[in-house]
Amino acid sequence: MDRGQKTEAVAALNATFKEAGVVVVTRNLGLSVAESTELRGKMREAGASFKVSKNRLAKRALEGTDYAPIADMLSGPVALATSDDPVAAAKIAVEFAKSNDLLEIVGGAMGDTLLDEAGVKSLASMPSLDELRGTIVGLLVAPQTKIARIVKEPAGALARVVGAYAASGE
C-alpha cells in the first residue's frame, strides 16, 4: 500500500467514524473467508458495515472524531463494525460471536461514550430503531382500533338479533 492509498483509506475511515452512530471493536481470531463474508452480509442486511483495517491507519482516522478513545482497543487483529443505528452493528456482532468462537467482542463506543464488552452486549440486547418505530406505531394505532371496535359492537349485536329473528320466521 503506497502513501496515496493510505491517505485515501484514512480519509474514508474518518468519514465513516464521523457518520457512525456506534463503533464496535472485534478481535478476529482466525475467521475463514467464508465466515467473514457471511458476517459482512449480515451486517449489510442490517445497514451496518464490517471492516478490517490496519491499526495504525484506524488510529489516525479516529483523530478528530468522537470515537478517539477507542484507539486504545486497537491492538492485534481487530475489525470494526459500524452503523448509523446505534444497535444494529452491536446486535449482529454479538449474535455472530455467540455462534462463532473465532470472533471476540473487545468493546466499542457510542458517540463519546466508551463501551466495554459488557456494554456492547447490553447495547445489543436493546431493540433496534426499526423495532422501536414499530412499537410506537402500534401504540399510536391501538386506541383508534379500540374505539372503532367499541363503536361497531352495538350495531353488530343489533344485526345479529335481527338476523336471528328473521331466521326464526316470525
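Setting aside neighbours within four places in sequence, Ile105 touches Val24, Val25, Thr26, Ala93, Val94, Ala97, Glu117 and Val120, where contact means heavy atoms within 4.5 Å. This is a predicted model, in which local features need pLDDT of at least 70 and side-chain atom pairs count only at pLDDT 80 or more, while totals for chains, interfaces and linings use all residues. Residues are numbered from 1 along each chain as its sequence is written, and side-chain values use heavy atoms, with hydrogens and water left out.

Ile105 belongs to strand 4 (residues 103-110); helices (H or I, at least four residues) and strands (E, at least two) are DSSP runs, numbered from the N terminus. With 4% relative accessibility, Ile105 counts as buried (under 20% relative accessible area, with exposed over 50% and partly exposed in between, using a 1.4 Å probe and protein chains only). Ala118 is 13 residues from Ile105 in sequence, and their C-alpha atoms are 9.1 Å apart in space.

Now for the helices. Two packed helices are described by the angle between their axes and the distance between the axes. Axes are lines fitted to C-alpha atoms, for helices over the stretch in contact, and angles run from 0 to 180 degrees between N-to-C directions.

| Helix pair | Axes come within | Crossing angle |
|---|---|---|
| Helix 4 (residues 88-99) and helix 5 (residues 117-124) | 8 Å | roughly 105° |
| Helix 2 (residues 33-45) and helix 4 | 10 Å | roughly 150° |

Helix 4 is thus roughly perpendicular to helix 5, whereas helix 2 and helix 4 are roughly antiparallel to each other. Angles under 35 degrees count as roughly parallel, over 145 as roughly antiparallel, 65 to 115 as roughly perpendicular and the rest as oblique.

Which residues meet? From helix 4, Ala90, Lys91 and Val94 make the contact with Val120, Lys121, Leu123 and Ala124 of helix 5. By class, that contact has five nonpolar, no polar and two charged residues. In the other pair, Glu35, Glu38, Leu39, Lys42 and Met43 of helix 2 meet Ala89, Ile92, Ala93 and Phe96 of helix 4. Here the classes are six nonpolar, no polar and three charged residues. Ala, Val, Leu, Ile, Met, Phe, Trp, Tyr, Cys and Pro count as nonpolar, Asp, Glu, Lys and Arg as charged, and the others, Gly among them, as polar.

Thr16 counts as buried at 18% relative accessibility. Leaving aside neighbours within four places in sequence, Thr16 is in contact with Lys51 and Thr82.
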